[in-house]
Amino acid sequence: LRADAAVDPATPVTAEQLAAAYRASSHFTEKQQYFDPSELPATKVPHGYHSVSLTTLHTNPWVHSFRLLLTREVKLVVRNRAVLATRVLQGLLMTLLCGTLFFRVDRDAYAVRYALMFNSLLFLSLGGKALVPVMLEERPVLYKQLGAAFYPPSAHALTKVLIEIPQVLFEVVIHVTFVYWMSGLAPEAGRYLFFLAVVL
């Protein structure tokens, strides 16, 4: 401010005035319900000692945190189209490769059928390795947010699991559907559904 500028008397100028104005605000009164100054030992501050403690580690309830995290993860998946397209393309290529490799196998060739099932399980179980670099990049942000108690770790873990279910189901259904009928396994709906359930 200029030296000759007019200052409203109600406007806090010093740090003490700003602190007093904040304590007199409704926001301060609302936030006081989260604090209990009698639980933690005193903490050294420049002008003396005071003690303050959160009555709960996380400000938001678990359900609200979970809802926010789930919304964030959906947006991240939708925006990261490169990873999504790569997983879909990889799944289709491996499905066609496996289907042509075991195309119309002999029904008496049990070893080849076992190899087909093993190959399908191996591919689908290792398909999630494409997410490892993405998770490694997210790890510093995760540690920072967990250290600052942004949300419960359980809500974040459950969100990561749920967000993968639709993608995994899509990959499994596409792979099993093509490979099962291309390889000439038993042409029965019940056995196809059983094979799909086993792979899932």
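This is a predicted model: local features need pLDDT of at least 70, side-chain atom pairs count only at pLDDT 80 or more; totals for chains, interfaces and linings use all residues.
In which helix does Ser 120 lie? Ser 120 belongs to helix α5, which runs over residues 110-126. Because its relative accessibility is 0%, and buried means under 20%, Ser 120 counts as buried. If we set aside residues up to four places away in sequence, Ser 120 touches Cys 98, His 175 and Val 179. Of these, please look at His 175, which sits 55 residues away from Ser 120 along the chain, although the C-alpha atoms of the two are separated by 7.9 Å.

How many cavities of 30 Å³ or more does the count give? The count comes to two, and His 175 is one of the residues lining the largest cavity. That cavity holds about 60 Å³ of space, and its lining also includes Arg 87, Val 88, Gly 91, Phe 123 and Glu 171. Two helices, α4 (81-101) and α7 (153-182), each supply at least two residues of this lining, and the largest share, five residues, comes from α4. Sorted by class, the lining has five nonpolar, three polar and two charged residues.

The second largest cavity holds about 50 Å³ of space, and the residues around it are Arg 87, Gln 90, Gly 91, Phe 123, Gly 127 and Glu 171. Here, too, the largest share of the lining comes from α4, with three residues. By class, this lining divides into one nonpolar, three polar and two charged residues.

The lining of the largest pocket is made up of 12 nonpolar, four polar and eight charged residues.

The second largest pocket, with a volume of about 210 Å³, brings us back to Ser 120, which is one of its lining residues, together with others including Arg 113, Met 117, Tyr 180 and Phe 194. Helices α5 and α8 (189-199) each supply at least two residues of the lining, and the largest share, five residues, comes from α8. By class, nine residues of this lining are nonpolar, one is polar and two are charged.

Finally, I would like to show you one residue of the backbone. Most residues other than glycine have a negative phi. Ala 149, however, has a phi near 60°, a positive value in a residue other than glycine. Where does Ala 149 lie? You will find Ala 149 in the loop between α6 (132-147) and α7. Is Ala 149, then, buried or exposed? Ala 149 counts as buried, because its relative accessibility is 17%, and the cut-off for buried is under 20%.

Key. Residues are numbered from 1 along each chain as its sequence is written. Side-chain values use heavy atoms; hydrogens and water are left out. Helices (H or I, at least four residues) and strands (E, at least two) are DSSP runs, numbered from the N terminus. Buried means under 20% relative accessible area, exposed over 50%, partly exposed in between (1.4 Å probe, protein chains only). Contact means heavy atoms within 4.5 Å. On a 1 Å grid over the protein atoms alone, a cavity is a set of points where a 1.4 Å probe fits but cannot get out, and a pocket is an open set with protein on both sides within 12 Å along at least five of seven lines; lining residues have an atom within 4 Å of a point. Grid points are joined across faces, edges and corners, and a volume is the space filled by probe spheres set on the points. Ala, Val, Leu, Ile, Met, Phe, Trp, Tyr, Cys and Pro count as nonpolar, Asp, Glu, Lys and Arg as charged, and the others, Gly among them, as polar.
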